[in-house]
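Please look over the sequence and the structure shown here before reading on.

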Amino acid sequence: MKACIRRGSNQIGGSAVEIIADNQQRLIIDIGLPLDAEENTADLLPQIKGLKEKSSDLLGILISHAHQDHYALGLHIDKHIPVYMGRISAKILEVSAQHNLPQAFCFKNIMTFNNQQSFQVGAFKITPYLTDHSAYDSYSFLIEADGKRLFYSGDFRAHGRKSKLFESLIKNPPQDIDILLLEGSCLGRKQSGKYETETALEAKFLNTLKCSKGLCLVQTSSQNIDRIVTIYRACKKSNRSLVISGYTGHILQCLGNSKIPNFTWSDVKKLSVKAAKKHEITIKTIEKEPEKYTILLCGYIFKMLKESPILNPKTTFIYSMWEGYKEEYQEKLNLMKDKGIKMIDIHTSGHADIPSLKRFASALNPKHLVPIHTFYPQEFKELFDNVVIYKDNQIFAI
Ligand SMILES: [Zn+2]
Ligand SMILES: [Zn+2]
């Protein structure tokens, strides 16, 4: 077996790895859009034969999770190429496409897999491992072929609401790993120690919601389910209802998980122009008792609230996303500032901190560890054993 990082050896995002079996059959893991891409265009596709016009030796593409830096260049692939992904990830893409979200589309030839149920694709035996990440339904992959074993970590962390998945993998790691492709998003970031857990964040949210005398607004991703659960739990404990958009509600519903907040719960509401249904609420109603609500602020809701007197100095705005996205939300942030709204940041990373990466690497104990999804591949050598650095498009034998 051979492998080649087509993109991602020295950047976060745009991940694409090609795996080549001795019989020349090939498999791709992820087909992401680079984070710095201005547009999603076909000329950004990595140099892999058979992406635009299917060739019989390209058996398929595995998608680790529904973040655009892992799937979005798939927009340009030949529609006959089989795409293997988690069932819920496929649903999240479907719902996002229905709501016309940027970079959302449905793959044409989807095959879904289940956690830790191995399946064979030509020469490759694939075992997906459900993992803890800020995207729901995220996976690592064990790929076996020609007597060799490659493990692709995908994006993961150990401090989210599914940290048990990380702990159980560490406890029972796959054995005899020849190559571990390990993500290193956190390398080079200011904060180098342990990251705050979602549970610790819940306490921070609770404190803020309790102290606020007015409406609370939270800017977060509708697809960061861990965070929505964190916010909901803080709302519940501070006697606030959570108000979301129809799109966020649709995402939560598509997960099919009765433990996740949804519109059948009396304290989860949809912000609407008219409150025709039981779970719908209008701005007018919120204006009467703003201290009883927390609103998740998506683009649609922002438009509805913009002219409302509810944006006043009694309101609190919580930014709960990666700092790097602040540029995108500048209009919102400026408006909040102009209205005299109190602004705070409450966030923790979707990616593993260095102590967790170290635990992960030592549990998997690979013959070689290869950096991916990082701006600092060289720093891996200071942190881990048996590191080998490969550049994009460099084919290496396993
Ligand atoms: Zn990523
Ligand atoms: Zn991700």
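The sections below take up the basis of the model, its domains, a sheet, a helix and a strand.

## Basis of the model

This is a predicted model, in which local features need pLDDT of at least 70 and side-chain atom pairs count only at pLDDT 80 or more, while totals for chains, interfaces and linings use all residues. Residues are numbered from 1 along each chain as its sequence is written, and chains are lettered from A and ligands numbered from 1 in the order in which they are written.

## Two domains

The protein chain is divided into domain 1 (2-190 + 350-397) and domain 2 (198-345), with bounds that come from an automatic or database domain assignment. The C-alpha centres of domain 1 and domain 2 lie 32 Å apart. To their contact, domain 1 gives 11 residues and domain 2 gives 11 residues, where two residues are in contact if their C-beta atoms, placed from the backbone, lie within 7 Å.

## The seven-stranded sheet

Seven strands form an open sheet with mixed pairing, in the order E6-E5-E4-E3-E2-E1-E20; helices (H or I, at least four residues) and strands (E, at least two) are DSSP runs numbered from the N terminus, and two strands pair if DSSP finds at least two bridges between them. Strand E6 (110-113) and strand E20 (395-397) are the edge strands, each of which pairs on one side only.

Within this sheet, strand E1 (residues 2-7) and strand E2 (residues 16-20) run antiparallel and are joined by five bridges, and arginine 7 stands opposite alanine 16 in E2.

## Helix H3

In helix H3 (residues 163-171), Leu165, Phe166 and Leu169 are buried, whereas Lys164, Ser168 and Lys171, on the other side of H3, are exposed. A residue is buried if 20 or more other C-beta atoms lie within 10 Å of its own, exposed if 12 or fewer, and partly exposed in between, with C-beta atoms placed from the backbone. The buried residues of H3 pack against strand E8 (124-131).

## Strand E16

Strand E16 (residues 293-296) is covered on both faces, with Tyr293 and Ile295 buried on one side and Thr294 and Leu296 buried on the other. In a regular strand the side chains alternate between the two faces of the sheet.

Strand E12 (residues 216-219) runs parallel to E16 and is joined to E16 by three bridges, with valine 218 standing opposite leucine 296. Strand E13 (residues 241-244) is likewise parallel to E16 and joined by three bridges, and there leucine 242 has threonine 294 in E16 as its bridge partner.
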